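Subject: Structure for you to look at

Hello,

Here is the structure I promised to pass on. Please open it next to this email and follow along.

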Amino acid sequence: MIGYMDKIKEISERILKEGKVDIIVGFRKGSLPMMNEPCVVKKAEDVKNLVWDSNCGINLVNYLTNRKEKIGIIAKGCDTRNIVTHIVENKIKKEQLFIIGVPCTGMIDKNKVASKVDSEIIEVTENENTIKVKTKTNEIELNKTDLLQENCSICVHRNPVVYDELVAELIEEPKDIDRYASVKAVESMSAEEKWNYFEDLISTCIRCYACRNACPLCYCPTCFVDESRPQWVGKGQDKSDIRTFHFLRAFHCAGRCTDCGSCERACPMGIKVRDFTKKLEKDCVELFGWEAGMTLKERPPLDEFKLNDPEDFIY
Amino acid sequence: MKVVKIDKENWAEGIEKIKESYKVFGPSKSKEFHLFKELEKGEAPDLNFLNTRLSPKSMFFPQSEGILCYCLDPNKKDECNIVKEIQKDYSPKAIIGIRPCDAKAFTLVRPNFDNEEYQDPYWIKAYDSITFIGLACSNTDDSKKGMPCSSCFCTSAGCGPFNEEGLDALIVNTDDGYIIKALTNKGEEFLNKAELSANSNADELTANINTLKKQAEEKINSFVETDKLKDKILLDLHSANFWDDECFACINCGTCTYVCPTCWCFDIQDENYGDSGVRFKQWDSCMYPLFTLHGSGHNPRSTKVQRFRQRFMHKLKYYVDKYDNGIQCVGCGRCIRLCPVNIDIRKICNIMNSYEPAA
Ligand code: SF4
Ligand code: SF4
Ligand code: SF4
Ligand code: SF4
Ligand code: SF4
């Protein structure tokens with residue numbers, strides 16, 4: 001994907017100069033290995049600061065709303081699906097956007113990389129299919145495909161769904177991927193095992209809400225956990241309150257989550273919060289034949305009533 | 001004060017001995033990272049770590065801490081409508097393996113909880129019940145991970161890999177043993193209770209420590225500039241034009257404040273269930289909109305840029321001005337490593353330090 005960089009800069013510079021957009025939302029180089037920082041570019045001469053590689057995992061759609069300018073956004077497959085969701089939910093109008101579409105080959109999970117080496121990572125350089133990891137004691141080359149974020153390794157919508165211009169030819173979407181293997185593994189557990197699984201999953205949660213804030217779907221002016229009149233959920237570290245947060249967050253994303261992985265990536269405690277949303281994604285596919293953010297013509301199933309909606313799971 | 005060097009073979013035995021006199025806490029790896037936890041019988045602190053994911057501040061400043069409880073049940077005559085203090089465990093505790101930056105951080109925090117005007121009894125009693133046994137950030141064979149790490153900037157943040165402030169004793173992990181230097185009476189007492197048979201040629205060991213200290217300090221290659229912060233005009237910095245650009249990526253998640261050893265903000269909450277309830281202290285963060293929301297509905301820090309600015313102004317300007325005790329940051333680097341969008345306090349600090357308002 002680093003090969004996209006020149007094209008991204010070329011398009012960004014051109015549309016800024018032509019006045020098609022006022023700003024570009026993209027990434028600039030971060031200060032740590034495998035970290036880039038979301039940024040806004042306002043002038044054509046600053047386009048040189050933009051970067052694109054496999055460390056651009058945070059969903060940029062978060063940064064689009066409540067702005068007045070005409071926005072150019074560098075968007076990979078999942079980002080464009082969240083743009084679609086935003087458009088359908090009236091959060092933004094397509095006319096306000098110029099979508100620079102990125103056919104994506106997946107984002108790197110820095111925790112996975114860290115687990116491959118036994119001392120601190122000093123520098124990571126990326127090639128097309130491999131990355132070179134330099135630690136204090138060692139230097140190794142690893143295959144990018146082994147290091148992808150879990151959601152990226154099972155992603156079948158890498159190509160942008162909507163775009164104004166592409167940075168490269170569309171790529172072939174992976175086939176024969178079992179996207180729901182992890183969900184099935186949990187589904188096959190006994191009730192007690194499931195309980196223990198989820199208790200362990202969230203046992204280190206500090207309720208910082210990074211998962212919520214990194215998600216473009218979580219745009220409520222006041223989140224239910226922050227509401228104080230009345231207060232729906234306790235603020236403390238009581239387990240039932242932590243569970244309540246996780247369950248409700250996930251349900252709010254049902255039929256809207258694009259499995260972009262931003263939530264999981266943001267969690268400082270490495271909690272696999274997608275375990276919750278992934279199940280709801282599977283249910284939406286199975287029950288409603290629905291995948292989030294694939295079309296501008298329909299609303300998510302939980303937003304809508306249809307006479308033929310399945311109801312045999314309602315008790 | 002006592003300086004001893006003990007064989008690594010004797011270490012586990014000493015730890016067990018110590019558990020007779022203290023509740024012992026130490027770094028322990030669960031899942032992918034280290035956190036401080038109470039060590040079970042037979043469990044020694046795992047000293048092979050860079051730094052713990054969270055600072056150990058929750059040992060005396062828990063994320064949620066019940067302080068008072070009450071009962072509204074008229075049938076319980078002796079208790080009804082009476083607010084009671086919640087009884088807590090202030091028995092002696094030892095925390096082994098705390099990094100020097102965290103220990104120093106708590107000395108920066110103390111004036112907030114313990115000053116002439118106000119004393120927070122919960123914080124003070126809990127803090128004072130702990131003996132802090134630090135672990136110097138030196139590079140040894142069994143810590144190939146290599147301390148200090150590249151995002152540590154303690155030496156320019158008023159601290160350092162062998163800094164002693166806030167510690168009762170300091171452990172230096174060397175290839176052939178642990179050198180332990182007592183720094184306070186509490187630290188001496190700890191050493192005595194551990195009954196470690198040890199070599200204690202104080203002069204030689206001190207010289208040894210000093211060499212390792214110098215080596216460790218030289219390894220730190222990340223710095224902040226803070227020398228001009230104090231002389232800056234507060235309102236110039238507050239109205240500076242860089243905040244908008246720097247805050248763009250921030251998602252106001254609060255992670256940086258929760259993981260930080262020097263962040264001290266908390267809220268008071270009441271929770272009621274049926275006829276009883278509890279009042280508790282609860283970590284809060286200036287990054288959250290609710291932090292400053294008034295009862296009237298007005299919010300003086302309603303935008304992201306205001307909240308973002310508050311975090312850095314507090315740490316790097318208000319604290320500096322108020323306490324004249326350096327910045328409210330010890331350079332542990334946690335906020336940098338764990339920020340999901342790579343906001344870097346080193347960069348912000350340097351921008352603030354070099355900021356000149358347009359003439
Ligand atoms: S989920 Fe798909 S489109 Fe999104 S970053 Fe991963 S591979 Fe790319
Ligand atoms: S980001 Fe992680 S630690 Fe924070 S609330 Fe979400 S799951 Fe919990
Ligand atoms: S819930 Fe997580 S995976 Fe789903 S859209 Fe939000 S950030 Fe992306
Ligand atoms: S951790 Fe980063 S994104 Fe989160 S509030 Fe702090 S600076 Fe902002
Ligand atoms: S501000 Fe960041 S670097 Fe400084 S003490 Fe807090 S977490 Fe550590």
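Start in chain B, where B:I6 stands opposite B:Y178 of strand β9(B). The model is a predicted one.

β8(B) and β9(B) make a hairpin, with two residues between them.

Now look at β9(B) itself, residues 177-182. Six of its six residues are buried, so the rest of the structure largely encloses this strand. In a regular strand, side chains alternate between the two faces of the sheet. Here B:G177, B:I179 and B:K181 point one way, while B:Y178, B:I180 and B:A182 point the other way. All of them are buried.

Next, chain A. Three strands form an open sheet there, in the order β6-β7-β8, with antiparallel pairing. β6 (121-126) and β8 (139-143) are at the edges with a single partner strand each, so one side of each has no neighbour in the sheet. From one strand to the next, the twist averages 25 degrees. Strand β7(A), residues 130-135, pairs with β8(A) over five bridges. One bridge to find is that of A:T130, whose partner in β8(A) is A:N143.

Then find A:S54. It is in the loop between β3 (50-51) and β4 (71-76) of chain A. Is A:S54 buried or exposed? A:S54 counts as buried, because its relative accessibility is 0%, and the cut-off for buried is under 20%. Its side chain makes a polar contact of 2.5 Å with the side chain of A:E126. Another polar contact, of 2.8 Å, joins it to the side chain of A:K144. Beyond its close neighbours in sequence (within four places), A:S54 also touches other residues, including A:M1, A:G106, A:M107 and A:I108.

A:R158 has a relative accessible area of 13%, so it is buried. Which backbone oxygen does its side chain reach at 3.3 Å? That of A:T105. The backbone oxygen of A:C155 lies 3.4 Å from a polar atom of the A:R158 side chain. Leaving aside neighbours within four places in sequence, the contacts of A:R158 include A:G77, A:V102, A:L148, A:C152 and A:E173. A:R207 is 49 residues away along the chain, and the two C-alpha atoms are 31 Å apart.

Last, the ligands. Ligand 2 is surrounded by 14 residues, and the closest are A:C205, A:C208, A:Y209, A:C211 and A:C267. The shell divides into twelve nonpolar residues, one polar and one charged.

Best wishes

Notes:
Residues are numbered from 1 along each chain as its sequence is written. Chains are lettered from A and ligands numbered from 1 in the order in which they are written. This is a predicted model: local features need pLDDT of at least 70, side-chain atom pairs count only at pLDDT 80 or more; totals for chains, interfaces and linings use all residues. Side-chain values use heavy atoms; hydrogens and water are left out. A residue is near a molecule or strand if one of its heavy atoms lies within 4 Å of it. Ala, Val, Leu, Ile, Met, Phe, Trp, Tyr, Cys and Pro count as nonpolar, Asp, Glu, Lys and Arg as charged, and the others, Gly among them, as polar. Two strands pair if DSSP finds at least two bridges between them. Helices (H or I, at least four residues) and strands (E, at least two) are DSSP runs, numbered from the N terminus. Axes are lines fitted to C-alpha atoms, for helices over the stretch in contact, and angles run from 0 to 180 degrees between N-to-C directions. Buried means under 20% relative accessible area, exposed over 50%, partly exposed in between (1.4 Å probe, protein chains only). Contact means heavy atoms within 4.5 Å. A polar contact is a pair of N or O atoms within 3.5 Å; within protein, one must be able to donate a hydrogen and the other to accept it, and residues adjacent in sequence count only if both atoms are side-chain atoms.
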